[in-house]
Amino acid sequence: MRFTSVVTSSDGVSERLFTLGETPDDIPGVLWTPEGATGTRPLILMGHGGGHHKKAPGIVARAHRFVAECGFAVVAVDVPGHGDRPVHEEYDRIATENQARVAAGEELAPLIADFQALVARRTVPEWQAVLDAVQEVEYVGPGPVGYWGVSLGCGLGVPFVAAEPRVRAAVLGLGGALGSAAEVAARITVPVEFLLQWDDERVPRAQGLALFDALASAEKTLHANPGGHAELPAFELDSTLRFFARHLG
């Protein structure tokens, strides 16, 4: 893990860009912590949406609030084929084929689910390696871990949370129970806050509800709001802060 830059904002949040790995496709990431932080603290891994990257505006805004208001550390990395990572030929080919299939009349949601399941085979071990490296950092340490991700961040986050025992709580949403998603979700037992947009044009409402129902968590809460896929209300972040503070300390 190699840090490449450090910037501290006016709200006392330090942002460190890093790369992890020793190949041409190193994992580029960003770690946010309180300025001058020492000792162990909760860590939240954030998964960005499709077509976005580790420093998308929504990711940065949430990260700053987690750090400034809760004292957490937050890490985000670019998914293969996104942000600072090189073009992934196979993923690009599949995306182009899917666009053609939708134009020919096929439903979008099953194609998205199959694509996300394919990408997750790579991102789950990558994100576990990121957790390993970040928790070795002196001012993060081996504290409790949370996960936040919606849309693509949910499609990749469900298999990650199911596979990673360090995750104690997760915020997921804007995803559906298509393909293997429901079977994987049934392995999740940690507390979950699930975000659903009632008029989502990308994920059918019934599939979003089915994914929530498939979660095996004894504590899970459904937050349903009117609006389309990209219209998640800003006030949901307030609830997310309370959720992670309750479960991560």
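Helices (H or I, at least four residues) and strands (E, at least two) are DSSP runs numbered from the N terminus. The model is predicted, so that local features need pLDDT of at least 70 and side-chain atom pairs count only at pLDDT 80 or more, while totals for chains, interfaces and linings use all residues. Residues are numbered from 1 along each chain as its sequence is written, and side-chain values use heavy atoms, with hydrogens and water left out.

Leu174 is located in the loop between strand E7 (167-173) and helix H5 (181-185). Although Leu174 is not a glycine, its phi is positive, at about 55 degrees. Its relative accessibility is 7%, and Leu174 therefore counts as buried (under 20% relative accessible area, with exposed over 50% and partly exposed in between; 1.4 Å probe, protein chains only). A positive phi, of about 60 degrees, is also found at Ser151, likewise not a glycine. Ser151 occupies the loop between strand E6 (145-150) and helix H4 (152-163) and is buried at 18% relative accessibility.

Leu174 is one of the contacts (heavy atoms within 4.5 Å) of Asp200; beyond neighbours within four places in sequence, Asp200 also touches Gly227, Gly228 and His229. Asp200 itself belongs to the loop between strand E8 (192-197) and helix H6 (205-214). The side chains of Asp200 and His229 form a polar contact of 2.8 Å (a pair of N or O atoms within 3.5 Å; within protein, one must be able to donate a hydrogen and the other to accept it, and residues adjacent in sequence count only if both atoms are side-chain atoms). Asp200 is buried but has no salt bridge (a side-chain nitrogen of Lys or Arg within 4 Å of a carboxyl oxygen of Asp or Glu). The nearest side chain of opposite charge is that of Arg202, 5.9 Å away; Lys and Arg count as positive and Asp and Glu as negative, with His and the chain ends not counted.

Thr33, in strand E3 (residues 27-34), is buried with a relative accessible area of 0%. Its side chain makes a polar contact of 3.1 Å with the side chain of Arg16.
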